[in-house]
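Colleague: I would like to learn how to read a model such as this one. Please take me through it feature by feature.

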Amino acid sequence: MKLTHLAAAVTLVAVAGCSVGTADTNGRNGTAAPEATVRISATGNDVRPDQGVTVTASGGTLETVTGVAGAFNADHTSWKTNWTLKPGTSYKVTATAKNLKGKVTTVTGAFRTATAKQTVGIADVTPMPGEKVGVGMPIIVDFTGPVANRANVEKALEVKSDKGDEGAWSWVTDRRVVYRTRKYWHAHQKIFFTAHLAGVRAARDTYGVRDVSRSFSIGDSNVTVANAKTHYMTVNHDGTVHKFKISTGKGDLRSTITTNGIHLTREKAKVVTMTATCHGQPGCDDYQEKVNLAVRITVGGEYVHQSVGEYQYLGRQNESHGCVRTTPEGARYFYDISQRGDIVDVTGTTRPFADEPFADDWKYWTTSWNRWLAGSALHSAD
């Protein structure tokens, strides 16, 4: 994080003592080594919280800095806070440095950050705390207000995974940013998300005032390919592959064609009542029926579920109203292993999932990695 000086630096230098005897204490001219000089950038009141604190040393090296978390540069001549500071808060920073002969200088600086005139926070984070999710699961962060300075906020969002998976943020709206990995998450690991939002300048006179942390885990790797042309779906569960007969949406109307592309499982229920009202459209059938072992994959109402009769179509032709129907055995197996964020890649249809109008559909895997990076305020496509 790049930090700049906020105000005139405070310089406190210890008074030099008299040398004893005639020893040459610095190796030349018989003069004593100069004291180390320490400067703390922040001083007084109304310090901008987004600027943080810088501590520098001349005539020596920094030994310790306490009072707020930060990091030294390679030669220990400077130190910077890791993140922004909490608005309207008093801080005391104490730094020690040694000169060339090992004499210690100690400096303490006290200051107070400015109070935020307006605030922004996090309204919601997906996944839930402690949730176990699939390898395709994104991290979705919604803010309480619009974010104008997206780069500032994005720099404050930290994601760590046990297995070091590469990922990036992409802005969907000025209130929502989403984290997706370049490839699917590695299975069976923990993920740690922290929004170091306190003190981040999100817009003019608008600061975050509270950090937010969340941890969850990646469960089994469930990657399913449902092929509308072969009428089979292949389920890869942690390397074990099963194949089941299916029937996808019939092609009479666009609304009945199953959407093509990489979907994510969202929720599941043992019984779901499904309805359709066609309003006299040719080729469309009104219906209301209870469906067993249903796993939702779109906001628009597409599921992977047990076929309600009509088993003669499974593995042969597409006769559903848009869902992926399968056998009782296939539906039970798929339902039992399903967790939010599993991959369901539907292939062989003419209706792109990426074109669906529902704003809350999880279409994050329908775009290339370069296009994903183009939505970040910090990255650019290769």
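Colleague: Which residues does Cys323 touch, not counting residues up to four places away in sequence?

Modeller: Two remarks on the source come before that. This is a predicted model, in which local features need pLDDT of at least 70 and side-chain atom pairs count only at pLDDT 80 or more, while totals for chains, interfaces and linings use all residues. Residues are numbered from 1 along each chain as its sequence is written, and side-chain values use heavy atoms, with hydrogens and water left out. Now the contacts, where contact means heavy atoms within 4.5 Å. Cys323 touches Ser247, Thr248, Gly249, Thr258, Met274, Gly301, Glu302, Tyr303 and His305.

Colleague: Where is Cys323 found, and is Cys323 buried or exposed?

Modeller: Strands are DSSP runs of E with at least two residues, numbered from the N terminus. Cys323 is found in the loop between strand 27 and strand 28 (324–326). For accessibility, buried means under 20% relative accessible area, exposed over 50%, and partly exposed in between, with a 1.4 Å probe and protein chains only. Cys323 has a relative accessible area of 8%, so it is buried.

Colleague: Which feature does UniProt place at His305 and Cys323?

Modeller: The unreviewed UniProt entry places the feature "active site" at His305 and Cys323. UniProt positions are given in the numbering used here, feature names are shortened, and annotations may be inferred rather than shown by experiment. These residues span 19 residues in sequence, yet no two of their C-alpha atoms are more than 7.5 Å apart, so they gather at one spot. Both His305 and Cys323 belong to the lining of the largest cavity. A cavity is a set of points, on a 1 Å grid over the protein atoms alone, where a 1.4 Å probe fits but cannot get out; lining residues have an atom within 4 Å of a point.

Colleague: Where does His305 lie, and which residues is His305 in contact with?

Modeller: His305 lies in strand 27 (residues 303–306). Its relative accessibility is 4%, so His305 counts as buried. Leaving aside neighbours within four places in sequence, the contacts of His305 include Met274, Leu293, Cys323 and Arg325.

Colleague: How do I read a sheet?

Modeller: Strands of a sheet pair through backbone hydrogen bonds, either parallel or antiparallel. Two strands count as paired if DSSP finds at least two bridges between them. Here 3 strands form an open sheet in the order 10-19-18, with mixed pairing. Its edge strands are strand 10 (118–120) and strand 18 (201–203), each pairing on one side only. Strand 10 and strand 19 (residues 206–208) run parallel and are joined by 3 bridges; Thr119 has Tyr207 as its bridge partner in strand 19. Elsewhere, strand 2 and strand 4 (residues 54–58) pair in the antiparallel sense over 4 bridges, and Val55 in strand 4 is the bridge partner of Ile40.

Colleague: Which residues touch the most other members of the largest nonpolar core?

Modeller: In soluble globular proteins, nonpolar side chains tend to be buried together. A nonpolar core is a set of buried Ala, Val, Leu, Ile, Met, Phe, Trp, Tyr and Cys residues joined through side-chain atoms within 4.5 Å. In the largest core, of 41 residues, Ile139, Phe143, Trp169 and Phe193 touch the most other members. Strand 13 (residues 139–143) gives the largest share of this core, 4 residues. Apart from it lies another core of 18 residues, among them Ala36, Ile40, Leu85 and Val93.

Terms used
1 Å grid on protein atoms, 1.4 Å probe; cavity = no way out; pocket = protein on both sides within 12 Å on 5 of 7 lines; lining within 4 Å.
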